[in-house]
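Please look through the sequence and the 3D view below before reading on.

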Amino acid sequence: MIIDRVDMGSATVLRLEGDIDEQGVKELRAFLLGCIKEGRHNLIVNLRDVKYISYMGVGVLVERLRQCRLFNGDMKLTGMNLYSQRLFRMVGVTSVFDTYESENQAVQVFQEAA
């Protein structure tokens, strides 16, 4: 899996590419933790180029979302395909995340809140 990071003011955009399978989960968990440790607590995760995400991948996102919120931050999701939307609905976490069509919309929400 490839993770491209772009800091935009108080928000950090993470563009994911590939599969969030067993190996991808490990990489994503470590990468998100690194952002949080750096004080980047407003995260935008772009899933547009993710073809597959496992249940464990959803769990990692929920886990790191909780950590962001401990620091008064948040995590927003963009670019969810039909598969991701169904998986999040099946796992029962659709109401936990704010989702947006584009990165710009999510960045704007963080900028307005600042």
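Two strands are said to pair if DSSP finds at least two bridges between them. The model discussed here is a predicted one, and in it strands E1 and E2, the latter covering residues 11-20, pair in the antiparallel sense over 7 bridges. In the hairpin that E1 and E2 make, 2 residues lie between the strands, and Gly-9 takes a positive phi near 65 degrees.

Individual residues can be followed across this pairing: Asp-7 stands opposite Thr-12 in E2, while Ile-3 has Leu-16 of E2 as its bridge partner.

## The whole sheet

The open sheet is formed by 5 strands in the order E1-E2-E3-E4-E5, and its pairing is mixed. At the edges are strand E1 (2-8) and strand E5 (98-100), each of which pairs on one side only. From one strand to the next, the twist averages 25 degrees. Helix H4, made of residues 103-113, packs on this sheet and touches E1, E2, strand E3 (42-53), strand E4 (74-78) and E5, and the direction of H4 makes about 160 degrees with that of E3.

In contrast to the antiparallel pairing of E1 with E2, strands E2 and E3 run parallel and are joined by 9 bridges. Arg-15, for example, has Asn-46 in E3 as its bridge partner. Together with helix H1 (residues 22-37), E2 and E3 make a right-handed β-α-β unit.

Leaving aside neighbours within four places in sequence, Ile-20 is in contact with several residues, among them Met-1, Val-25, Leu-28, Leu-47, Val-50 and Tyr-52.

## How two helices pack

Two packed helices are described by the angle between their axes and the distance between the axes. Helix H2 (residues 55-70) and helix H3 (residues 82-91) pack at an angle of about 75 degrees, and their axes are 11 Å apart. H2 is therefore roughly perpendicular to H3, since angles of 65 to 115 degrees count as roughly perpendicular.

Where these helices meet, Tyr-55, Val-58 and Leu-61 in H2 touch Leu-87, Phe-88, Met-90 and Val-91 in H3. The residues of this contact between H2 and H3 divide into 7 nonpolar, no polar and no charged.

Definitions and conventions
Residues are numbered from 1 along each chain as its sequence is written. This is a predicted model: local features need pLDDT of at least 70, side-chain atom pairs count only at pLDDT 80 or more; totals for chains, interfaces and linings use all residues. Side-chain values use heavy atoms; hydrogens and water are left out. Helices (H or I, at least four residues) and strands (E, at least two) are DSSP runs, numbered from the N terminus. Axes are lines fitted to C-alpha atoms, for helices over the stretch in contact, and angles run from 0 to 180 degrees between N-to-C directions. Contact means heavy atoms within 4.5 Å. Angles under 35 degrees count as roughly parallel, over 145 as roughly antiparallel, 65 to 115 as roughly perpendicular and the rest as oblique. Ala, Val, Leu, Ile, Met, Phe, Trp, Tyr, Cys and Pro count as nonpolar, Asp, Glu, Lys and Arg as charged, and the others, Gly among them, as polar. A crossover is right-handed if, with the strands pointing away from the viewer, the path from the first strand over the helix to the second runs clockwise.
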